[in-house]
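Work through these exercises with the sequence and the 3D view open. Try each task before reading its solution.

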Amino acid sequence: MTGHSAAATAAAIADRLAHPNQSPPVATGGDNRQNLAYGPTGIALLHIERAAAGLAPWQRAHDWLAAATREPFTSGPDSYPFYGAPALAHAVACAADHLPDSYERSIALLDRQVTADARRRIDAAHRRIEAGQLPALAEFDAIRGLSGYGAYLLRRDPAGPVTRAILAYCVRLTDPVTHDGESLPGWWVATGPSGRPDDRFPSGHANHGMAHGIAAVLALLALAARRGITVTGHHQAIRTIMAWLTQWKVPTGRGTAWPYWITREELRSGRPAPSAPRRPSWCYGTAGLARAQQLAALALDDSDLQAQAEAALLDALSERAQLRATTDSGLCHGFAGLVHVAARAATDAAPANARQLRAAIAPLVSMLVPPGTAPDDTAAVLLTDTPGAGLLDGAAGAALGLLTADGPEPPHTAWDACLLTA
């Protein structure tokens, strides 16, 4: 019943977003037009997934991609995986996988642009390392950095030289660095989590998130290894990140969680500062981190590490204190993201854990689709209550999460490759 309600609600959202002219203006105007998180390319992913599954016509996807491309897209230094040409490339690639003749020229052009941009970023990153400087989050993260470029190129050119160069950079990022006389992990940044100087982080921090931290690097290395694409030091780099996360895990009321980041003071003391329970989201929090670690354990063929990661995810999805900290619906830090991570993790989990993860999905879906509520009414609420209609925080992302919950089969497209969950 949950799957039926989830699918019906996803369909109702898609129907309300059937054409760009019917959408909230925030989805198609201003800078959001080029933004995968908030704009038409993210909404197109919903229609591409449903069309690929045979649930809706391809025309809806075409209309949204056409709306996105009425004006030129930013490329080069001002673009990044979730903005500009790389964001468009992700959506077009998802469609091209199923309709290659319709998008052959477009995707070839976008592939060349993304590859050239990634190459420039790799060169800049190595120059930064050789100069003895700390990285910026935007150098390596999933939203703005090389993990995001790697996620795209791992699909489009898995054994290609630029893909392998990104993986080699990720390995190098795990080498420790000495800064101000202290040994720091190579992904330590001098700023706050926003990427800007922050008085709360006078000596910087080590970010754990899937969106902006080292979990994205771990997930990329693991996904590549599972596809048989490795570079020198690949598995050791995975183990280095896993050892760091093992060092900083904290007990909860019933299991294990991870802080969003580690400050210099916490590094010196060897333990994270006490904090209230935090949401176990995809972007930051235990759900995204647990999925990254599960993928890493599978890449290492380490059943003990896999069991620990799956247990942490199960705890995060069922512990009331963590769930109470989750207050919205979206993929990024809401219930749709938890549903999606649980479903993706269940596909790879040990049989007993897979059953428990599947069982945990229904209560999460009920937070998005209240029992007894008509799908169209739920869709209206999600479109009203979410900030915009887009992928990360909006109703389109919630619908994609609900589609993942609809059954044990994986998505029909690689729409979630940008999240590094699969």
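**Exercise 1. Which residues of helix 7 are buried, and what do they pack against?**

Solution. 
- Step 1: Note the source. This is a predicted model, where local features need pLDDT of at least 70, side-chain atom pairs count only at pLDDT 80 or more, and totals for chains, interfaces and linings use all residues. Residues are numbered from 1 along each chain as its sequence is written, and side-chain values use heavy atoms, with hydrogens and water left out.
- Step 2: Buried means under 20% relative accessible area, exposed over 50%, and partly exposed in between (1.4 Å probe, protein chains only). Helices (H or I, at least four residues) and strands (E, at least two) are DSSP runs, numbered from the N terminus.
- Step 3: List the residues. Leu146, Ser147, Gly148, Tyr149, Gly150, Ala151, Tyr152, Leu153 and Leu154 are the buried residues of helix 7. That is nine of the 11 residues in 146-156, so the helix is mostly covered.
- Step 4: Find the partners. The buried residues pack against helix 4 (85-96), helix 5 (100-130), helix 6 (137-140), helix 8 (161-173) and helix 9 (214-226).

**Exercise 2. Take serine 147: what is it in contact with, beyond its neighbours within four places in sequence?**

Solution. 
- Step 1: Serine 147 belongs to helix 7.
- Step 2: Check its cover. Serine 147 has a relative accessible area of 1%, so it is buried.
- Step 3: Apply the contact rule, heavy atoms within 4.5 Å. Serine 147 then touches Phe140, Asp141, Ala142, Ala216, Val217, Leu220 and Leu420.

**Exercise 3. How many aromatic pairs does a search of the whole structure find?**

Solution. 
- Step 1: Set the rule. Rings of Phe, Tyr and Trp (its six-membered ring) pair if their centres lie within 6.5 Å; planes under 30 degrees apart count as stacked, over 60 as edge-to-face and the rest as tilted.
- Step 2: Count. The search of the whole structure gives seven aromatic pairs.
- Step 3: Inspect one. Tryptophan 187 and tryptophan 244 pair edge-to-face, at 5.6 Å centre to centre and 90 degrees between the planes. This pair links distant parts of the chain, 57 residues apart. Tryptophan 187 is in the loop between strand 2 (182-184) and strand 3 (205-207), and tryptophan 244 is in helix 10 (residues 234-248).
- Step 4: Check burial. Tryptophan 187 is buried, at 2% relative accessibility. Tryptophan 244 is buried too, at 8%.

**Exercise 4. Which residues do ring pairs link into a cluster?**

Solution. 
- Step 1: Name the members. Phe201, Tyr260, Trp261 and Tyr284 are linked by ring pairs.
- Step 2: Look for a charge over a ring (NZ of Lys or CZ of Arg within 6 Å of the ring centre and within 35 degrees of the ring normal). Arginine 278 lies over the face of tyrosine 260, 4.7 Å from the ring centre. The charged end of arginine 278 also sits over the ring of tryptophan 261, 5.7 Å from its centre.
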